[in-house]
Amino acid sequence: MKPSPLSLQAVVFDWAGTVIDFGSLAPMDAFVQLFARYGVRIDVAEARVPMGLAKWDHIHALGQAPRIAAEWQRVHGRPFDDADCDTLYEVFTPMNAASVRDHAQLIPGALATVPALRARGLKIGSTTGYNRPIMEVVQPLAAAQGYVPDNLVCAGDMDSARPGPLMMVRTLSDLQVWPPAAVVKVDDTVPGLQEGRAIGCWVVGLAISGNTLGLTQDQWLATPEPEQNRLRAQATAELRAGGAHEVIDSVADLLPVLAAIEARLARGERPD
C-alpha cells in the first residue's frame with residue numbers, strides 16, 4: 001500500500017550561494033587570507049572544496065588536505081591540529097564577518113520566489129554554515145532587501161552540523177512541520193544537500209548561483225553558451241552525485257520543481 005498523500009509544508013534555504021551572494025564569494029578571500037596570515041598559501045579552488053561545512057570544520061578540512069598539511073608542517077615544523085584550528089577559527093570569524101558586508105546582495109529571483117512560496121502557505125526555514133556572529137551581520141543586510149525567513153539555525157547552534165541532520169531537526173522543530181518528506185531543502189553545496197537527505201527531506205541543488213561554479217553573475221552571463229552548458233552539466237552531475245533529487249540553476253527556477261515534487265507526493269512518493 002502506498003503512503004497517504006502529503007502536501008509540502010516548508011522550504012528550507014541555505015544562505016550564501018543560495019539566497020544571497022551569487023557565487024558564494026564572501027568566504028573565499030577570508031580563507032585564503034587566513035592561511036596566508038600563518039605562512040601557508042592556498043588558492044580559491046582549494047578553499048572551495050569543503051564549502052557547506054561549518055566553518056570550524058571547513059578550516060579543519062583545509063588543514064588536513066594533503067598539500068596544505070604538508071605546507072603547514074614545513075612552515076610550522078609540526079602537523080596541523082585541533083588547537084591550530086581553534087586559533088584560526090577565532091581569527092577567521094571577524095574576517096568573514098567583514099567580507100560578508102560586500103557580498104550580501106540577494107540572488108536574482110529570491111525576492112520574488114519567497115513571497116510566492118508564502119502565498120502557497122509554505123513556511124520558510126534557513127540553515128547555514130556561518131556561525132551566529134557572522135549571521136548577526138548578514139541578517140539585517142538581507143532583511144533590508146526584504147528577506148526574513150521564519151527561522152535561522154547556524155553552525156555552532158547544535159552539537160554537530162552538516163552533513164548530519166541536527167540543524168534540520170532544529171529547523172523543523174522551529175517551524176513546527178513534520179514529516180521531513182513534506183519539506184524541501186535548497187542548497188548549493190553537497191554537505192548542505194546531505195543534511196536534508198539525512199533527515200529525509202527532498203533536496204534541490206543549485207548549479208549556477210553557488211559554490212559549485214563560484215562565478216559572479218556577471219562572469220556567468222559573459223560565459224559563451226557552449227561553455228555554460230558544459231559547466232552546468234558538470235555542476236549538475238556533482239550535485240546529483242551528492243544527493244540532489246533535482247538540480248536547477250538558481251532559486252529563481254525553484255517554483256516548477258516544487259510543483260513536480262508536489263505531484264510526486266500526491267502519487268504517494270517519498271524521498272528515496
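Is Arg230 buried, partly exposed or exposed? I looked this up in a model that is predicted, and Arg230 counts as partly exposed because its relative accessibility is 42%.

Entry 1: I then looked for the partner of Arg230 and found a salt bridge with Glu227, in which the closest N and O atoms are 2.7 Å apart. Both Arg230 and Glu227 belong to helix α11, which covers residues 225-241, and the two are three residues apart, about one turn of the helix. For Glu227 I noted a relative accessibility of 29%, so Glu227 counts as partly exposed.

Entry 2: I next took up Asp14 and Arg162, whose side chains meet in a salt bridge at 2.9 Å, N to O. This pair links distant parts of the chain, 148 residues apart: Asp14 is in the loop between β1 (10-13) and α1 (26-37), while Arg162 is in the loop between β3 (153-154) and α8 (166-175). I checked the cover on each side chain against the cut-off, under 20% relative accessible area for buried. Asp14 has 4% and is therefore buried, and Arg162, at 3% relative accessibility, counts as buried too.

**Entry 3: Arg267 and Glu269.** I also looked up the salt bridge in which the side chains of Glu269 and Arg267 meet, with 3.1 Å from N to O. For the structure as a whole I wrote down a total of 19 salt bridges.

**Entry 4: a patch of negative charge.** Finally I turned to the surface, where Asp81, Asp82, Asp86 and Glu90 gather in a patch of negative charge. Of these residues I followed up Glu90, whose place is in helix α5, residues 82-100. Is Glu90 buried or exposed? Its relative accessible area is 57%, which means that Glu90 is exposed, given that the cut-off for exposed is over 50%.

Note on methods. Residues are numbered from 1 along each chain as its sequence is written. This is a predicted model: local features need pLDDT of at least 70, side-chain atom pairs count only at pLDDT 80 or more; totals for chains, interfaces and linings use all residues. Side-chain values use heavy atoms; hydrogens and water are left out. A salt bridge is a side-chain nitrogen of Lys or Arg within 4 Å of a carboxyl oxygen of Asp or Glu. Helices (H or I, at least four residues) and strands (E, at least two) are DSSP runs, numbered from the N terminus. Buried means under 20% relative accessible area, exposed over 50%, partly exposed in between (1.4 Å probe, protein chains only). Patches are made of residues with over 30% relative accessible area and no salt bridge: like charges are joined within 9 Å, nonpolar side chains (Val, Leu, Ile, Met, Phe, Trp, Tyr) within 5 Å. Accessible areas come from the Shrake-Rupley method with a 1.4 Å probe; for residues, only the protein chains shown count as cover. Lys and Arg count as positive and Asp and Glu as negative; His and the chain ends are not counted. The place of a charge is taken as NZ of Lys, CZ of Arg, CG of Asp or CD of Glu.
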